[in-house]
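Please keep the sequence and the model in view while reading.

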Amino acid sequence: MVKSAAVRGRPRSRDAAGLPAVTPEKIINSAIDLTARHGLDGWTLRQLAGALDAYPAVVYHHVGDREAVVAAVAERVIELLPVPEEDLPWREWFRALLTDLRSVLTGYPGVARRLALYEATSSAASTLVDRGVRTLWAAGFGEEAPTVFRLLLNTACLFVSAEDEQRRNVESKNSSPFDQLSDRPRQSNYFADFYDYAVERCLDGVACRLAVLQGRQLPD
């Protein structure tokens, strides 16, 4: 005859064991902490449950499978991104946004790649998209404003994603094409300088497109 948990001396609940209740908020917070330390792909659902001193089934119950947790982490990271003021000129608005984007995303390796592949749908993401598109529309991009917004955000996320991978290779001493070409990825300002350069050149390209839309002559 199988003995009950009470007979075996095991507490029937977390409360009886003196453990705090597991909530969706605590699950996501723990997942964010694991992501900051190990990257979005560097932890398992079992490890997440272990960090909560709970069973994986508890995570499933409150949030869902690992994909659901990952999506929640990405949405929460987006909430950390400051939204520039509405009265900025479009180029300054996006320069500020994309500068902050790298600062936030590099703290959570793997999230940039996630955002490049899947659109965030949280209220914070909706606010960001709405303000960005309205800024571009007011600047004269018209119906192309949503496409330009996606172009700039996705391009920035892809650059940060590449930085995540290069940093991982450098830290783990794995070989990469960059290691074979030079040691620049190991220089302290390499990634930031290259990212800033890439952002400015993308903005240059978008500015040229705006000139075309407005019927202005491009410089030779």
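The model is a predicted one, in which local features need pLDDT of at least 70 and side-chain atom pairs count only at pLDDT 80 or more, while totals for chains, interfaces and linings use all residues. Residues are numbered from 1 along each chain as its sequence is written, and side-chain values use heavy atoms, with hydrogens and water left out.

The buried residues of H4 are Val69, Val70, Ala72, Val73, Ala74, Glu75, Arg76, Val77 and Ile78. Buried means under 20% relative accessible area, exposed means over 50%, and partly exposed lies in between (1.4 Å probe, protein chains only). H4 has 14 residues, and its first and last C-alpha atoms are 20 Å apart, close to the 20 Å expected at 1.5 Å a residue. The expected span of a helix is 1.5 Å times one less than its number of residues.

Helix H1 (residues 24-38) can be checked in the same manner. Its 15 residues should span 21 Å at 1.5 Å a residue, and the end C-alpha atoms are 21 Å apart, which agrees. Buried in H1 are Ile27, Ile28, Ser30, Ala31, Ile32, Leu34 and Thr35. An α-helix has 3.6 residues a turn, so residues three or four places apart point the same way. The cover over the buried residues of H1 includes helix H2 (45-51), helix H3 (56-62), helix H4 (66-79) and helix H6 (111-117). After H1 comes Gly39, whose phi is positive, near 90 degrees.

How do H1 and H4 meet? Two packed helices are described by the angle between their axes and the distance between the axes. Axes are lines fitted to C-alpha atoms, for helices over the stretch in contact, and angles run from 0 to 180 degrees between N-to-C directions. The axes of H1 and H4 come within 9 Å and cross at roughly 80 degrees. That makes H1 roughly perpendicular to H4, given that angles under 35 degrees count as roughly parallel, over 145 as roughly antiparallel, 65 to 115 as roughly perpendicular and the rest as oblique. On the H1 side the contact involves Glu25, Ile28, Asn29, Ala31, Ile32 and Thr35, and on the H4 side Val69, Ala72, Val73 and Arg76. Sorted by class, this contact of H1 with H4 has six nonpolar, two polar and two charged residues. Ala, Val, Leu, Ile, Met, Phe, Trp, Tyr, Cys and Pro count as nonpolar, Asp, Glu, Lys and Arg as charged, and the others, Gly among them, as polar.

Ala72 lies in H4 and is buried, with a relative accessible area of 18%. Its C-alpha atom is separated by 9.2 Å from that of Ile32, 40 residues apart along the chain.

The C-alpha atoms of Ala192 and Thr99 are separated by 9.3 Å, although 93 residues apart along the chain.

The largest nonpolar core has 53 residues, and those with the most contacts inside it are Leu48, Phe94, Leu101, Leu105 and Val111. Such a core is a set of buried Ala, Val, Leu, Ile, Met, Phe, Trp, Tyr and Cys residues joined through side-chain atoms within 4.5 Å. H1, H2, H4, helix H5 (90-105), H6, H7, helix H8 (145-172) and H10 each supply at least two residues of this core. Leu101 touches Leu81, Leu153, Ala156, Cys157 and Tyr195, leaving aside residues up to four places away in sequence.

For the whole chain, the secondary structure comes to ten helices and zero strands. Of its 220 residues, 37% count as buried. Among contacts between residues at least 6 apart in sequence, 69% join residues at least 24 apart.

Note on methods. Helix = DSSP H or I, 4+ residues; strand = E, 2+ residues; numbered from the N terminus. Contact = heavy atoms within 4.5 Å.
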